[in-house]
Amino acid sequence: MSDQAKRRYPILYSVQRWNDGKWFYGGFFIILVVLLIIKLIQHQTIISFIPVTVLDGVILVAFWLMQRISYIEVSDDGIEIRYLLRHIELPYTALARVRRQPLEVAFQPAERRRFVNRFVRRLARGPAAYIRLDRRQSDLIEAAERQLGPRLVAGADIVIPIVGVDDFVAQIKGRLRGQAS
């Protein structure tokens, strides 16, 4: 590893999903646990509360895991993009450029508006990383769309709202400049 260690940038879609879910499902979980304790103190049956409490706990853990495994990781060899169970590794030679732009720009064309969901709407005005793939590698662009899905891939661009987008863009631009020399 060079002076710059591997750096992970969390994807905001999953962070937002966790932040929304932890309040709703977390609050519900606490209520269920309190009800279980009350029922136990009153020596009443709790069998009907157990499946719901377990299911709620599983949903909470799933949201937490989703935000933990959704990130972009920068290393010496390239970048790795992981979003839920999807991932792709891109060498720096496959990248044409990287820039910072509002997320809403990627969803302005009519054919892309169908991918706008509540997470995209809430993050639309915020910055996103636009990673332009080398257009000469059409198989790589197709693989990126197949691996990451059409919401994250717009033509030759991979568009991802991440935490620390300015730092990410500066780091990748530095590596792309160093590669061109």
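Hi everyone, let me start with a term: a residue is buried under 20% relative accessible area, exposed over 50%, and partly exposed in between, using a 1.4 Å probe and protein chains only. This is a predicted model, where local features need pLDDT of at least 70, side-chain atom pairs count only at pLDDT 80 or more, and totals for chains, interfaces and linings use all residues. Residues are numbered from 1 along each chain as its sequence is written, and side-chain values use heavy atoms, leaving out hydrogens and water.

Let's begin with K173. With a relative accessible area of 33%, K173 is partly exposed. You'll find K173 in helix 5, residues 165–180; helices here are DSSP runs of H or I with at least four residues, and strands are runs of E with at least two, numbered from the N terminus.

Next, helix 4. Which residues of helix 4 are buried? In this helix, residues 138–148, they are L140, I141, A143, A144 and L148. These cover an arc of only 160 degrees around the axis, so they sit on the same side of helix 4; the arc is that of the directions from the helix axis to the C-beta atoms. Turned away from that buried side is a face with the exposed residues D139, E142 and R146.

Finally, two loops. H43 is not a glycine, yet has a positive phi of about 60 degrees. H43 sits in the loop between helix 1 (12–41) and helix 2 (49–68), and is exposed at 74% relative accessible area. L84, also not a glycine, has a positive phi of about 60 degrees. Its loop joins strand 3 (78–83) and strand 4 (86–91), and L84 is partly exposed, at 27% relative accessibility.
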